[in-house]
Amino acid sequence: MNRIVIGTIVLLASLAQAQQCRARASWPTEKWPEALVNATAKAAEIKALEDYAFTIVGKPEERKGYRTNGLVVVKNGAIVYEKYARGWDENKRHLSWSVAKSVSSTLVGVAVNQGLMTLDESLCKQLPEYQSDPVVCGITVKNIITFGSGLQWQEEYEDAGYQVSSVLAMLLGSGHKDQIKHVLTHRKLHEPGTQFVYSTGDAHVVGTLAKRALTAKHGANAFWTQLFEPIGMKRVVFDEDPAGNPLGGSYVYATPRDFAKLGYLMLNDGCWNDQRLLPVGWVQQATAVSDTFRANRGDCSNATPAGEYKLPCEDTPNGYMWWLNRPPAAGVDKPWKDAPDDTYAALGHWGQRIIVIPSEDLVIMRTGDDREGSIPVNDLVKFVLPVVKP
Amino acid sequence: MKTNTLLLGLALLLAACADDNSKLRTYDNNDLELAVGNAAKMTCTCRFVMEMDEAYCKDWVRASPNVARFNIDLEKKVVDASAFISWTARAHYVDDLHGCVLE
């Protein structure tokens, strides 16, 4: 009997501990505190970082090299390094491209935290207009937030044939007026949750699920009142299509300082100023390799199904639309070898990055315009770490 | 004979299914439609959401093939793009929360 009582007390105590938010001296809701690194003491490290990230290669119109527009580094809750280039500054909002996917996933977390949706529910709960479609209703929120809708999708961009790009058809072509309809009328190619297929379409749906759940209770501006404003992201723009669906896979804009706050929310386990915005355990799940990702990594020969975005076994694992520094399969190295194991990131086209390293209490936010190939996460971390090390 | 015919039919059906699963889906994406849509949407975004100047935006939006021309109405916050006269697209700035929409 005594053992049961003691066990219950220990269990309750550990649950209470898990729900507690990390204490911080201050929160950057209004403004980031600044504690810039000593420019003299760190001159060599800063030069190496800036030579790497900010050096213009060739003529501007040739669009060569890594073209950094903004770089903000937050360590121990304060900005320790910040630089802008190419006409950008701290007040200008930048297009995040696929960083938007991580924003959308976080908005689902906010809705789950408020009991407005669950990961196990069918898409049709928030999208009742698809109630008669067994394919759509057979997909759960968890399936789609892990890129596992099972719907056919070809994530091709400007370098591939335009006629086979599901994403260009959605954003700019025949599907642009109702982009959720465009996604959800694709045929089922796999059982939901069994194949990881990177899809801006899946992320658009995730954003729409969050919007349906949150606006039903909080009104049209729920994304702002329930997430962006509480964490001080003051000037976020979230595009919609003509049908009113948020474009949660591609089109979210904010200043680099504000995007760093999203990283800081994740770094603080979904808490902000002692308020829990994401459920207990959400960040841990969102940054763990998803079941969907694992499902088609057992047999590497089966990891690149024809006609889909190619993800070889060596590629970067994913959680809830966050990319992870974890080995993707047994016997394979982690993707960012110079970064700590607990590093995770939101990554966007042309080199947009929010990189979170909990063990270093560090957030790196970088905006850019890399048309030759996006700046590698590994190298960015490799050059930033010496700058911020004491 | 009947069994052989059935087996042959089954094999053909399975082959057709396998082929169907590996087939790429194609879209009615006209290159010029995509080009003008991209020019309208991205120019609107660049000017009115990111608040960059016109010279920057012209370069930022430049795509290959670079056939789209655009006109910015700063007062109405509307961007019209066109290519070869008959291909057109329009994007307009909605508000400070929802940015630009391709009409």
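These legends walk through several close-up views of a predicted model.

**View 1. Where chain B meets chain A.**
Let's start with the interface, where 38 residues of chain B are in contact with 49 residues of chain A. Together the two chains bury about 3,600 Å². Carbon and sulfur atoms account for 51% of that area. The size of an interface is often given in just this way, as the accessible area lost when the parts come together.

Two salt bridges turn up across the interface of chain B and chain A. One of them brings together the side chains of Arg235(A) and Glu51(B), with 3.4 Å from N to O.

**View 2. The side of chain B that touches chain A.**
Which elements of chain B each supply at least two residues to this side? They are α1 (2-22), α2 (31-49), α3 (54-61) and β4 (99-102). The largest share comes from α2(B), which puts in 10 residues. Sorted by class, this side of chain B has 16 nonpolar residues, along with 11 polar and 11 charged ones.

**View 3. The disulfide between Cys21(A) and Cys271(A).**
A search of the whole structure finds four disulfides over all chains, and here is one in chain A, with the sulfur atoms of Cys21(A) and Cys271(A) 2.0 Å apart. The torsion about its S-S bond is about -70°, so this disulfide is left-handed. Cys21(A) sits in the loop between α1 (2-19) and α2 (43-54) of chain A, while Cys271(A) belongs to strand β6 (residues 271-272), so the bond ties together parts that are 250 residues apart in sequence. Cys271(A) has a relative accessible area of 0%, so it counts as buried.

**View 4. Cys44(B) and Cys100(B), a helix joined to a strand.**
Over in chain B, a disulfide joins Cys44(B) to Cys100(B), at 2.0 Å from S to S. This one is left-handed, because the torsion about its S-S bond is about -80°. Cys44(B) is in helix α2 and Cys100(B) in strand β4 of chain B, so the pair ties together parts 56 residues apart in sequence. Both Cys44(B) and Cys100(B) are buried.

**View 5. Cys46(B) and Cys57(B), a helix joined to a helix.**
The sulfur atoms of Cys46(B) and Cys57(B) lie 2.1 Å apart in another disulfide. With -85° about the S-S bond, this link is left-handed. Cys46(B) is in helix α2 of chain B and Cys57(B) in helix α3, 11 residues apart. Are these two cysteines buried or exposed? Cys46(B) is buried, because its relative accessibility is 0%. Cys57(B) is buried as well, with a relative accessible area of 0%. If you number the bonded cysteines of chain B in sequence order, the pairing reads 1-4, 2-3.

**View 6. Gly249(A) and its surroundings.**
Back in chain A, Gly249(A) is in the loop between β4 (237-238) and β5 (252-254). Its relative accessibility is 0%, so Gly249(A) counts as buried. Leaving aside neighbours within four places in sequence, Gly249(A) is in contact with several residues, including Trp97(A), Lys101(A), Thr200(A) and His204(A). For scale, the C-alpha atoms of Gly249(A) and Val332(A) are separated by 29 Å, and the two residues are 83 apart along the chain.

Notes
Residues numbered from 1 in each chain as written. Chains lettered and ligands numbered in written order. Predicted model: local features only at pLDDT ≥ 70, side-chain atom pairs only at ≥ 80, totals over all residues. Heavy atoms only, no water. Helix = DSSP H or I, 4+ residues; strand = E, 2+ residues; numbered from the N terminus. Buried < 20%, exposed > 50% of the residue type's maximum accessible area, 1.4 Å probe, protein only. Contact = heavy atoms within 4.5 Å. Buried area = accessible area lost by both parts, 1.4 Å probe. Salt bridge = Lys/Arg side-chain N within 4 Å of Asp/Glu carboxyl O. Nonpolar A, V, L, I, M, F, W, Y, C, P; charged D, E, K, R; others polar. Disulfide = S-S within 2.5 Å.
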